[in-house]
Amino acid sequence: MESADLIIKTARKSKIQKKDIKPEMIVHEGTLTTFDNPLVKYINVKKNFGELQVLKGIDLEVGYGEKLTIIGSSGSGKTTLIRMLMTLEKPSSGIMEIEGESLWTMKKNGKTVPADEAHLRKMRSKVGMVFQQYNLFPHMTVLDNCTIAPIKVKGMDPEEAKEQAIQMLKRVKMSDKINYYPNQLSGGQKQRVAIARAVLMRPKILLLDEVTSALDPEMVGEVLNVLNEIAQEEKEMTMIFVTHELDFAREISDRIIFINEGYILEQGKPESILNDPKSERLQAFLSRFKENRNL
Amino acid sequence: MWSWSFTFKVLPKLLSAAKITFIATILGFLLASILGLVWTFLKRAKIHWISSSATAIVEFIRRTPLLIQLFFLYYTLPSFNIRLPALTVGIIGLGLHYSTYLSEVYRAGIEAVEKEQWEAAKSLNFTPYQTWTLVILPQAIPPIIPMMGNYLITLFKETPLLAAISVVELLQQAKIIGSEYFQYLEVFTLVGIIFFIFSYPSSLLVQYLEIKLKNPAEKRM
Ligand SMILES: Nc1ncnc2c1ncn2[C@@H]1O[C@H](COP(=O)(O)OP(=O)(O)O)[C@@H](O)[C@H]1O
Ligand SMILES: [Mg+2]
């Protein structure tokens, strides 16, 4: 009895260990993956939700002004990865840094202690996010949605904030709707306002999580066009996209990373990743997209 | 039996007592609204002993009769050397009791705000205070205004309990007049009518608000 138990236990253990071996990360030729002075750094970051281990060891550096796209199948942890940077989710272990400063810990009297709200707020001021479901404030007009945070959080003069907001809303082609409420807008219009609202805070890093996934197909184009322009114009703003719009990703990204089973499996320049995938997983992932497009 | 001359004679006296009823209603409800919000926050506190004691206190107040609470305040406060006019004690009692109901209403309103709104506020780096005052409460309060209105009407109808701690509000005044003249029919009928005149239109207003607030799109057009 005992020995049988032991065999089963050992077998289970080894199975788990086998599953947890980190796969070799495939880096395509000529890809910049480390920086002298990275803006964002993940070091062996793991995240579980209860029993479910979503991220199993993420190592990632992002440079200043870089446009990075994250791809991977649904449920692979893309959203979780960027939500941690917005401090909406806390990693289970590992280190995250923004401009060389730890996000989740801080120094206090020479000791490293968990970050307090003040530290998180300081770090958060460098990051902004656009959500899949827009998350505009429904009780505020388009203009108020765009000016409230600059005025209240950054202490900007209201007139100045309004001027900047109107300029920004022009860029996302929403300046004719500044006095509308969100529920009077289409999905594509809401998302363009949400983009304007996030960019107006001038974050160093802007996170965009599948910002066109909730839209009717005919509205995807207008949002991608606006994003494309902003990505071109905002050279200094680092942008991290999660998207399934691979043509868009090809056009705007400096680098694409492919997430699979909790690890970054492959990364490289857009052309190389999309035209010459090395791993079987990425090949399968991409061929699924090509099939869908031919439908 | 019914004397019109007596009716018109006592009406002014009753109306001036009605003033006390209204003062107790308005101030009691104001206190309940503020205190209710305080309970809601305390119950949500991250520190466990704060949230659990707030929950216990609120449950206790809600599960015991208002009349007992009024007696308790009225007769025990003086022994702590707190001497307040009966009306003030009455307002505190009403406010305290109804704050526990309103706290539940606030909770429902707050929980109805999408959790994504909290995340949007965080992504724009609002402080917790700004998140509450600029994002959450402005969305949580409008839908619960009808429910709050219902509690306002209920509180109004419970003000005669203050007679028990010698506040000369509408009912107490009616009793005094009645026993003075040994004539009760007119005074108590008038009291009923006065209560009805105020509570019925209020309930219609609440119904109207309920319909109007159900569709925020229309409100904003
Ligand atoms: N708050 C949460 N609680 C429990 N499970 C979660 C939570 N958030 C995400 N998950 C799970 O984590 C996995 C990865 O989710 P997500 O990061 O959203 O993936 P992706 O964005 O790549 O589709 C999914 O299986 C999802 O169900
Ligand atoms: Mg996602």
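Chain A is divided into two domains: domain 1 takes in residues 20-126, 204-239 and 249-295, and domain 2 takes in residues 137-202. The model is a predicted one. Between the C-alpha centres of domain 1 of chain A and domain 2 of chain A the distance is 26 Å. Their contact draws on 15 residues from domain 1 of chain A and 15 residues from domain 2 of chain A.

How much area do domain 1 of chain A and domain 2 of chain A bury between them? The figure is about 1,300 Å², with 61% of it on carbon and sulfur atoms. On the side of domain 1 of chain A, three residues stand out: A:Val226, A:Ile230 and A:Glu234 supply 31% of the area that this domain buries against domain 2 of chain A, more than any other three residues.

Charged pairs also occur at this boundary. Across the interface of domain 1 of chain A and domain 2 of chain A there are 5 salt bridges. A:Glu234, already named for its share of the buried area, forms a salt bridge with A:Arg171, and the closest N and O atoms of that pair are 3.0 Å apart. Polar contacts across the interface of the two domains of chain A come to 6 residue pairs, with both residues at pLDDT 80 or more. Which element gives the largest share of the side of domain 1 of chain A that touches domain 2 of chain A? That element is helix 7 of chain A, residues 217-233, which contributes 8 residues. By class, the residues on this side of domain 1 of chain A are 9 nonpolar and 6 charged, with no polar ones.

Within chain A there is a further salt bridge to look at, between the side chains of A:Asp59 and A:Lys22, at 2.7 Å from N to O. A:Asp59 belongs to strand 3 of chain A (residues 52-62), whereas A:Lys22 sits in the loop between helix 1 (2-19) and strand 1 (26-27) of chain A, so the pair ties together parts that are 37 residues apart in sequence. Over all chains, the count of salt bridges comes to 24.

The next stop is ligand 1. The residues around ligand 1 include the run A:Ser73, A:Ser74, A:Gly75, A:Ser76, A:Gly77, A:Lys78, A:Thr79 and A:Thr80, and also A:Phe49, A:Leu52 and A:Val54. Three of these residues can be described atom by atom. A:Gly77 has a polar backbone atom 3.0 Å from an oxygen atom of ligand 1. In A:Lys78, an N or O atom of the side chain is 2.8 Å from an oxygen atom of ligand 1. For A:Thr79, a polar side-chain atom lies 2.6 Å from an oxygen atom of ligand 1.

The second chain is made up differently in its listing of elements. Chain B has 9 helices and 0 strands, and from the N terminus on its elements run α-α-α-α-α-α-α-α-α. The C-alpha trace of chain B spans about 70 × 50 × 25 Å along its principal axes.

Where the two chains meet, the contact takes 27 residues from chain A and 21 residues from chain B. About 2,200 Å² is buried between chain A and chain B, and carbon and sulfur atoms give 60% of that area. How many salt bridges cross the interface of chain A and chain B? There is 1, and A:Arg83 and B:Glu119 meet in a salt bridge of 2.8 Å, N to O. Across the interface of chain A and chain B, 6 residue pairs are in polar contact, both residues being at pLDDT 80 or more. Helix 3 (117-124), strand 9 (127-130) and helix 4 (142-152) of chain A are the elements that give two or more residues to the side of chain A that touches chain B. That side of chain A divides into 14 nonpolar, 7 polar and 6 charged residues.

Terms used. Residues are numbered from 1 along each chain as its sequence is written. Chains are lettered from A and ligands numbered from 1 in the order in which they are written. Side-chain values use heavy atoms; hydrogens and water are left out. Domain bounds come from an automatic or database domain assignment. Contact means heavy atoms within 4.5 Å. Buried area is the accessible area (1.4 Å probe) that two parts lose on being put together, summed over both. A salt bridge is a side-chain nitrogen of Lys or Arg within 4 Å of a carboxyl oxygen of Asp or Glu. A polar contact is a pair of N or O atoms within 3.5 Å; within protein, one must be able to donate a hydrogen and the other to accept it, and residues adjacent in sequence count only if both atoms are side-chain atoms. Helices (H or I, at least four residues) and strands (E, at least two) are DSSP runs, numbered from the N terminus. Ala, Val, Leu, Ile, Met, Phe, Trp, Tyr, Cys and Pro count as nonpolar, Asp, Glu, Lys and Arg as charged, and the others, Gly among them, as polar. A residue is near a molecule or strand if one of its heavy atoms lies within 4 Å of it.
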